[in-house]
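My notes follow the display.

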Amino acid sequence: MSVAQEVANAPFDEMIRDLLLAMVSAQNEANMAFIAGVKELSDETVTISYTKTTGTPPTTETREISGNALAFGILPTLLQIQNGIIEIKMAVTITKNTSVSVGVKAKAKFLFFSASVDAKYQNSYSYKAEASSLIRITVAPSPPPQPLMEAIKTIAEAAPPVDKATT
Amino acid sequence: MIPFISLRDFLEEIAMNLNVAMDEVLEKSKGMPVTFVAPSVELELPCTIRYESNSLQVGPSNAFISNYYGLGNDSKINIHFMLKPRGDNGNKNCRA
């Protein structure tokens, strides 16, 4: 591998794309765990027994309220990445675009590559980290998973807790 | 590898790279319950800027320009990109 090839190790746009997709992937894993939690709670029947005294003379009956856990308002915790800041020290290199493919990238006259300025880069090329470029990407989720919350509400409303006498 | 390109090409290519990246993220995460956008991207680019061939030429700091030319860290370009919704051309009188 030549010095030029090793230095120019990742197309700039692909580096940013992959950073954002990594966050999407991480959040989706968290979402899947949340959905599994919702399913588990919808299958879980909660029963609460109590004694009720009414009338004159007083009569006592044992009653119970039962329903799925979601109907009782028990929800799993959704961990959501609200925002994040990614900072990368990198060295930007430029090459001429000789690509013949079609698409937005093919229109570019030059291709930008970014190499992260790590120990290997610094030691291999006697390059000081202070001279490196910095990219600071602020990321935020969009849009919030509102449809999922609507689905939970629908499940809870379709099977409200039932209050019935057992004795 | 090219050490210097014109300032105009440099800024144009950086903006294009970011737009391509953002488009690809939206495309690849289509149908997923949540996606991430970058409402703000800041770049601090140490570089060497020189006037040559009737235009400003920029050489971003990297090992190549540092070792072969002894340059690359005497100027700095700070760029702050903000997300702008597609189709918003800023003209309040313009209606779709």
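**Notebook: two chains**

I started with chain B, which has two helices and four strands. Helices (H or I, at least four residues) and strands (E, at least two) are DSSP runs, numbered from the N terminus. This is a predicted model: local features need pLDDT of at least 70, side-chain atom pairs count only at pLDDT 80 or more, and totals for chains, interfaces and linings use all residues. Residues are numbered from 1 along each chain as its sequence is written, and chains are lettered from A and ligands numbered from 1 in the order in which they are written.

**Chain B**

I read the pattern of chain B along the sequence as β-α-β-β-α-β. I then checked burial: 31% of its 96 residues count as buried. A residue is buried if 20 or more other C-beta atoms lie within 10 Å of its own, with C-beta atoms placed from the backbone.

I looked at helix 1 of chain B next, residues 7–28. Its 22 residues should span 32 Å at 1.5 Å a residue, and its end C-alpha atoms are 32 Å apart, which agrees. The expected span is 1.5 Å times one less than the number of residues. Which residues of this helix are buried? I listed B:F10, B:E13, B:I14, B:N17, B:L18, B:V20, B:A21, B:M22 and B:V25. An α-helix has 3.6 residues a turn, so residues three or four places apart point the same way.

**Chain A**

I counted four helices and six strands in chain A. From the N terminus they run α-α-β-β-β-β-α-β-α-β. Buried residues make up 21% of the 167 residues here.

I found an open sheet of three strands in chain A, in the order 1-2-6, with antiparallel pairing. Strands pair if DSSP finds at least two bridges between them. The edges are strand 1 (45–54) and strand 6 (162–165), each pairing on one side only. Strand 1 and strand 2 (residues 59–68) of chain A pair over ten bridges. I picked out A:K52, whose bridge partner in strand 2 is A:E61.

**Where the chains touch**

How many residues does each chain give to the contact? I noted 44 from chain A and 39 from chain B. Residues are in contact if their C-beta atoms, placed from the backbone, lie within 7 Å. On the side of chain A, helix 2 gives the largest share, eleven residues. That side divides into 28 nonpolar, ten polar and six charged residues. Ala, Val, Leu, Ile, Met, Phe, Trp, Tyr, Cys and Pro count as nonpolar, Asp, Glu, Lys and Arg as charged, and the others, Gly among them, as polar.

Notes
A residue is buried if 20 or more other C-beta atoms lie within 10 Å of its own, exposed if 12 or fewer, and partly exposed in between; C-beta atoms are placed from the backbone. Two residues are in contact if their C-beta atoms, placed from the backbone, lie within 7 Å.
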